[in-house]
Amino acid sequence: MTAIEFVACATDYASHRAAPGTGEPPCRGSDPVTAEVIRNALISISDQMQIAIQRTALSPVIYDLNDCCCAIYDRNLRLLAQASDGLPCFAGVLGAAVQACLDNCGGPEALEPGDLLLTTHSYHQGSHLNDAALVTPAFFEGQLVGYACSKCHMLDVGQKDPVVSLDSVDLFQEGLIVPGVKLYRAGVRNDDLYRTILANSRLPGLIAGDLGSMIGAIKIGAQSLERLVGRYGIERFRSSVELVFGHSEAVMRSLISSIPDGRYVGTGVFEGRPAEEPTAIELAVEVTGSTMVVDLTAAPDQLPFPENLPVPNVVSAVRGWLLSLIGSAETINEGYFAPLEIRTRPGSMFHPLPPAPVSSYIFGLSGLEGFLRALSGVLADRIPAQLGGDTEDVAFFGLSDEGSFWATVVVMFGGQGALPDRDGTCPLPFIPWSGMRMNSCEIMEARTPVLVEGCELRPDSAGIGKFRGYPGFTMRYRVLRPMSATMFLDRTKAGAYGLHGGGCGVVNAGRIIRGDQVQEHTKSMMVPVTQGDVIELRLGGGGGYGHPAERDPAAVHADIREGYVTEESARRDYPHAFPASR
Amino acid sequence: MSIRIGVDVGGTFTDVIVFDDVTGELKVAKSRSTPARPEAAVLDVVDQVIDPAGLASADFFLHATTAGLNALLQRSGGVVGLLTTDGFRDVLELRRGTRDDLYGLLWGAPEPLVRRRRRIGVPERVMVDGTVDRALDEDSVRRALEILRAESVDSIAVVYINSHANAAHELCTEAILRDAGFSGGISLSHLVTGIYGEYERTSTTVVDAFVRPVLSDYLQRLAEGLRARRFSGGCLVTRSGAGAMTFAEAEARPFETLMSGPVAGVAGAQQLCRELGYSRAITADVGGTSFDTSLVVGGEPRVKYEGKVVGLPLQTPWVDVRSIGAGGGSIARAEAGLLRVGPRSAGAMPGPACYGRGGSEPTVTDAAAVLGMLAFGELAGGLQLDFAASRQALAGLGERLGLDTDQAARGVLTIAGAAMAGAIRSITIEAGEDPREAVLVAYGGAGPLFGTLLARELDIGTIVVPVAAGNFSAWGLLCADMIQSAARTAILPLDDAGLDAANQLLGGLFRTIAERGDQGADRAELSPAPSLDLRYVGQEHTLTVHPSADGERIILSAPEVGTLFAAEHERTFGHRHDGAPVEIVSVRATARASLALKSAPAPPVIDGEYETRTIDAYSFTLGRRLSFSVIDRAAVGLRPWWDGPLIVLEETTTTYVDHGFRVSQGASGVLLIKPTDGTERLP
């Protein structure tokens, strides 16, 4: 292992382990009952914060796509609870943001009640500069007891290109960097700073509204945490939290212990430039007893393009996938992460060094899917085939008649990969993005000058197998007035993988149709489109599971009847279902 | 005579309650449910409790049914065909891409209610502003009908894009289907919900079409059975969104009955609030498997406009009842050093260990038994709870956690109580309410056990335990108002022109309601109430406000409505955006006919000498065991008040009054429990 740049945080980013214990004597003053009551109360606080944001945010990216998360931390920056329906991609990611805000604002000693600290820095909060993290301390009887914080996607932060950059060469091109500052000091807003932030966005109204919504939420979080600590007293609260962490750690250790010891190697596929071949990224999962090490040091060097993944997000995405092996995971806290260690190599795309660009880090995320593939052999009954597309997006933007800038982002998912015991069931995002919603066509048409011509399944697009993947679908947008479109599609060259003999899904594809002309697009920025143009996305299907010869012939014929597969391809893929024709 | 009959069909039992609101006489009975033909149990239980003359003279038959919900749960509804705008037939199956289990790698969506071959696209397209982009291809509708006939569909759902803006194509399609001789049910999406969001509207319309044949048959058979018994009064079913509607309307809008079960108790709480003059109430309904809570503010329950049943979204008014898996039968267990309670339940079989039906796992009821909260464990009919079995179950649990039996039992009650308090907090905080300003209405078999625990936890000043608290949901049926509603999405600026347009739409919606036919209007006067879903331009979620109206018309000016909205936004979400433009998203028309009871049930009374008993039980206030008085509910009125610690026994429930509280007989026969710390607060 090479030396690793130290990013100071309670989650120890030297080894990317969960925060260690505090050295406080465990369990004194608590008991299994109080701890359970406090555990529930912490979950309820983080959930209330998330509800407050979703109900009040102005940006559809937040309220409709759920691109946000809320959490509370203890004074040692250990995750107490994160909202139950926050994206797994952000599992425990805010610890780094809180730490950075403290480091840049004079440490915990410099905090006062009513302070609100803001960072948008990618290397603090883990993702593109659009994600703003806001933090407030909670005090009880003058003592710092923890933090309430939230991270939300801001639609426009003045990046060089509207909505998203696909070709930025460094962080400075990707928008306004707010490096951990006090936006409010003891309840009083720094108006100069606030106006500067708004002045750097093409959509200042949205920023103002969304920040207001976040402020409301973290205030609720801090006040509720203060009340909870006040009710049980600091000592009893802290010892209860130790018991809660101990419980969660035990649950995770028992999961990892169920995996036979060994070193499992898997490959993720990363698509960079449209003109380049995809890159295979190898990673290793080492299981020893109840501990797991995820070794990402073989990742390629950091890229001159914005698909790099800052360390906090690498850590939280791997955590999200690990939790998905439990299924029905309870609301997360630091305890779950104790048995997990993540190794990265500084200067690699999973440990980029500033100011490497990160704007479209989500494509880098797909390169981490080797985690599931590594374990798919040993956990054959717990891991499905790959999804047809993790998140496939189009951004529409332009100027209104009054000259103001508008933007709409649509998100789509490929078909679910086949499960170990059934066919894929519908389009879904990969686990880090679980909880995001695809747009409603009607709601979109009400605010965007496009008309959706249809969204229908693509027959024969799913991977074949004993169980087949779920097919992809075709989305067609007819443009109603001149505007620009940015398309960012992934998995356009190698389809979703099948498992244990199952076939691959069909790849994602995009094109713009203007009269007789058809242009193919996968990653294209700011394509001018005009009235009558049709933007078409063909989403990929999920991979298959098990050998197709084992598929129930009745299921093959049902698929033909319902139009999921054509008879022609069924005869080719499942000849055993057509005995008369042999 | 003015008799009402309420029948609540649950999964295990069918409960009936008969009330004469002239004499105050109240009768209850119970029968085992007959899921295959639920009307058999309903008619049977009615025969048990009321004589033929009484039935013939009764005014109302009020019903809560799970017939529709069961059809969904068991997938036993009709065969449905779906007509959509060409290109949108897969909307139902594509969903929105969410998992019910966020981290569930192996999660899969439930099968769509309509198989793909029965979903047919029809060339037609309406734009978001209501203009027609592509005319309806009428021949395609006829061809689609031929396919659906070959598939033997029972009903057809019609969902066209943007039909909220222009419903002409849906209406025209219905006419074509009828002209072509289709006689099954037809569900048109703009009539079912009228709200935008094509996946949610398609889902709702399909659910409507799916449960329609089942519910329609059931209600017709039930009505026939009642008529055969010479009942001639009004037949009403409770709605998910509060209030009741006639059988005729329920057949036309079956999806509105789906979640009528938990709503009945809330209607009872509403009635209590009116009688006792409380402006804010929190309901605490603790049954065998779940704890249900809701909020009644200003005499009205909190209503939301979307929800989910077995993973299927429904756009319909919905009384906001939150449910968590913490009831009397919830099982406690040790897990990695923590004590956990629920959501698994011992149910009715085998039930808690103390029921002696073979259950051995410790439940909430067992914990209460160990702590003495159930007093002597005497049940009706001379049955006796097996407290030794409870102690044994709790002792085993305690051993695994290093706790003694009493500590384990206290822990179970504390954790269940804390979870309930958490649910109450979330429902009140989301509504911008403060639980301390509300009364707690405790009912269900185990609700009155938890009253003082919850009051302490939430700092609530008054607990109300209604008459027949264990059967309060059936009682609530009798208290429902008749309510009908219709809604339509229409995105309009909140200015005077926009408000005019909204008023026009409201007029149309009220006409729609009037045209639904059987109003029961000969029995009661319908009073209209318009409301608006508003938001700041750019927001997605809306808030419903109820501006002052003169009949069907809103009489406030646009700025006045804006002020109302800003105040509601600040109360609910903690901030407002002064100066930001506001828009109307949907208009909602509600017509209500009051069926208010003329009197309350008379509380049971005891004449002459009464001797209290005592039992050793645990006090959560003092943290130790002490001697509790034990009295019958009928004895409460013998004194102005009784100081806790006290346990009050009655047939359907047990009320635990901790040290530091006192109980008295209130109006309408309720028990009022208040803290004795001298800081008595009036809500």
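## Close-up views of a predicted two-chain model

**View 1. A cis peptide bond in a strand of chain B.** In this predicted model, B:Pro343 has its place in strand 22 of chain B, which covers residues 338–345. The peptide bond that leads from B:Gly342 into B:Pro343 is cis, and its omega is near 0°.

**View 2. A cis peptide bond between two prolines of chain A.** The bond running from A:Pro354 to A:Pro355 is cis, with an omega near 5°. A:Pro355 is found in a loop of chain A, with strand 11 (340–343) on one side and helix 9 (361–366) on the other.

**View 3. A positive phi in a loop of chain A.** A:Asp460 is a residue other than glycine, yet its phi is positive, near 65°. A:Asp460 belongs to the loop that joins strand 14 and strand 15 of chain A.

**View 4. The contact of chain A with chain B.** To this contact chain A brings 83 residues, while chain B brings 64 residues.

**View 5. Polar contacts and salt bridges across the interface.** Eight salt bridges are counted between chain A and chain B. One of the salt bridges pairs B:Arg125 with A:Glu445, where the closest N and O atoms are 2.3 Å apart. Across the interface of the two chains, 29 residue pairs are in polar contact. Several elements of chain A each supply at least two residues of the side that touches chain B, among them helix 6 (204–232), helix 7 (234–257), helix 11 (441–447) and strand 15 (473–479). Helix 1 of chain A gives the most to this side, with 11 residues. Sorted by class, the side of chain A that touches chain B has 43 nonpolar, 21 polar and 19 charged residues.

**View 6. Two packed helices within chain A.** Helix 5 of chain A, residues 191–199, packs with helix 6 of chain A at an angle of about 130°, and their axes are 8 Å apart. The two helices are therefore oblique to each other. Helix 5 of chain A makes the contact through A:Tyr194, A:Ile197 and A:Leu198, and helix 6 of chain A through A:Pro204, A:Ile207, A:Ala208 and A:Leu211. By class, the residues of this contact are seven nonpolar, with no polar and no charged ones.

**View 7. A salt bridge joining two loops of chain A.** Over all chains, a search of the whole structure finds 75 salt bridges. In the salt bridge of A:Asp156 with A:Arg202, the closest N and O atoms are 2.9 Å apart. A:Asp156 lies in the loop between strand 5 (143–153) and strand 6 (179–185) of chain A, and A:Arg202 in the loop between helix 5 and helix 6 of chain A, so the pair ties together parts that are 46 residues apart in sequence.

Note on methods. Residues are numbered from 1 along each chain as its sequence is written. Chains are lettered from A and ligands numbered from 1 in the order in which they are written. This is a predicted model: local features need pLDDT of at least 70, side-chain atom pairs count only at pLDDT 80 or more; totals for chains, interfaces and linings use all residues. Side-chain values use heavy atoms; hydrogens and water are left out. Contact means heavy atoms within 4.5 Å. A salt bridge is a side-chain nitrogen of Lys or Arg within 4 Å of a carboxyl oxygen of Asp or Glu. A polar contact is a pair of N or O atoms within 3.5 Å; within protein, one must be able to donate a hydrogen and the other to accept it, and residues adjacent in sequence count only if both atoms are side-chain atoms. Helices (H or I, at least four residues) and strands (E, at least two) are DSSP runs, numbered from the N terminus. Ala, Val, Leu, Ile, Met, Phe, Trp, Tyr, Cys and Pro count as nonpolar, Asp, Glu, Lys and Arg as charged, and the others, Gly among them, as polar. Axes are lines fitted to C-alpha atoms, for helices over the stretch in contact, and angles run from 0 to 180 degrees between N-to-C directions. Angles under 35 degrees count as roughly parallel, over 145 as roughly antiparallel, 65 to 115 as roughly perpendicular and the rest as oblique.
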